[in-house]
Amino acid sequence: MAVARRRGGDGGGRSSGGGVDSSGGGGSTARRLGRGRGANQRPTVGEAFQGLAMLALSPVVIFFFAAYKCLLAFPFRDVTDYQAPPAWVIRLVVLPLNFFFPLDATSELDGLGLGADEPVIYVANHTLWGVDMLPIGHDLFRRRGGRVVRGLADRFHMAIPGHKHLLQYFGAVLGSPEVCEALMEAKQDILVYPGGAEEVMKKRSDPKYALLWKERTGFARFALRHGYTIVPVASVGMEEALSIWFDVPVGVLLYYVMGDARYHITAPVLKPWCTPQKLYAHYGRPIRVPRLDMPAGADGEAVLRQRAAELRDEVKEAVRAGIETLRRRQVGDPDRYTFPWLCR
């Protein structure tokens with residue numbers, strides 16, 4: 001009996017001891033976790049280091065955030081106050097593009113059919129990733145005797161420091177109504193892509209050279225209000241040179257970074273090889289748009305909306321016809337490929 005009691009006692013002791021050990025372990029853990037939080041206890045080295053790191057990083061984070069905002073706001077000069085880069089800089093940048101993707105541009109009329117100082121808005125189709133923008137802009141600059149072409153860029157371009165400033169260095173500006181108004185008041189030449197981000201970042205399922213203009217009439221409304229001449233511009237070649245591997249949805253990222261609610265936008269990831277070949281461009285017959293004198297109020301807005309939709313459709317059809325002409329020329333061109341031996 002004594003043995004049984006002793007064993008029972010030992011078992012109970014072990015059981016209660018286990019409980020004591022558990023509570024003791026819990027108490028010990030609690031003491032370890034709570035160390036440094038008492039009124040008379042010092043913080044651990046780790047907690048002290050964490051606090052110092054937070055204090056040190058706070059001004060760093062504030063500095064980089066302020067620097068980011070300052071970079072986005074720079075340069076501070078007016079958008080119409082622009083001086084083109086030196087000619088050698090433009091030639092140097094365009095040189096590698098012209099080597100792999102030489103531009104073959106034609107015009108329906110000599111000198112684009114424009115007066116020397118006639119302000120123009122060029123309306124073009126966006127090809128994949130917009131690689132042809134710089135060669136076409138440089139060609140227009142050369143054909144117009146040094147008149148600078150100001151490209152209207154989507155707002156997401158202007159949210160990336162460095163990238164934004166590179167575009168601005170070559171004349172691009174934010175494609176907003178206020179900026180467009182200022183450029184037209186200054187009689188500057190403008191290059192606009194009504195397809196915007198959806199067209200330059202086509203999905204893999206989109207047809208090549210599809211005009212994704214939707215119902216946009218912004219360029220037509222401004223041309224009517226200012227009496228600007230429109231030159232349709234068609235471009236072909238880059239969507240055969242580059243191939244889409246897969247699409248990455250970036251709409252949510254644009255929303256959280258920029259507050260941009262275009263959730264449907266995707267970014268095409270390109271295959272790691274390309275087929276160097278000619279880029280073809282065609283400058284259509286100028287469409288001279290007389291200034292529209294609108295009546296005041298709702299009637300004037302209705303007239304402007306109707307005329308803008310008609311003008312947009314006319315320009316869109318001219319661009320589509322130019323694309324079809326270029327694609328036929330592309331197929332029949334024996335010198336299409338930069339390195340023909342790669343395409344055998």
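Visitor: What makes the pair of Gln 188 and Arg 150 a polar contact?
Guide: The two side chains come to 2.9 Å of each other. A polar contact is a pair of N or O atoms within 3.5 Å; within protein, one must be able to donate a hydrogen and the other to accept it, and residues adjacent in sequence count only if both atoms are side-chain atoms. The side chain of Gln 188 also reaches the backbone oxygen of Thr 80, at 3.0 Å. This is a predicted model, in which local features need pLDDT of at least 70 and side-chain atom pairs count only at pLDDT 80 or more, while totals for chains, interfaces and linings use all residues. Residues are numbered from 1 along each chain as its sequence is written, and side-chain values use heavy atoms, with hydrogens and water left out.

Visitor: Why is Gln 188 called buried?
Guide: Buried means under 20% relative accessible area, exposed over 50%, and partly exposed in between (1.4 Å probe, protein chains only). Gln 188 has 16% relative accessibility, so it counts as buried.

Visitor: Which residues is Gln 188 in contact with, leaving aside its neighbours within four places in sequence?
Guide: They are Thr 80, Val 120, Arg 147, Arg 150, Leu 183 and Tyr 228, where contact means heavy atoms within 4.5 Å.

Visitor: Where does Gln 188 lie?
Guide: Gln 188 is in the loop between helix 6 (177–185) and strand 5 (189–192). Helices (H or I, at least four residues) and strands (E, at least two) are DSSP runs, numbered from the N terminus.

Visitor: What makes both faces of strand 5 count as covered?
Guide: Asp 189 and Leu 191 on one side are buried, and so are Ile 190 and Val 192 on the other. In a regular strand the side chains alternate between the two faces of the sheet.

Visitor: How do you know that strand 2 and strand 5 pair?
Guide: Two strands pair if DSSP finds at least two bridges between them. Three bridges join strand 2 to strand 5, and the two run parallel; therefore they pair. Within strand 5, Leu 191 is the bridge partner of Tyr 122. Strand 3 (residues 149–153) is likewise joined to strand 5 by three bridges, in parallel, with Val 149 opposite Asp 189.

Visitor: Why is Leu 92 called exposed?
Guide: Leu 92, in helix 3 (residues 87–100), has a relative accessible area of 52% and is therefore exposed.
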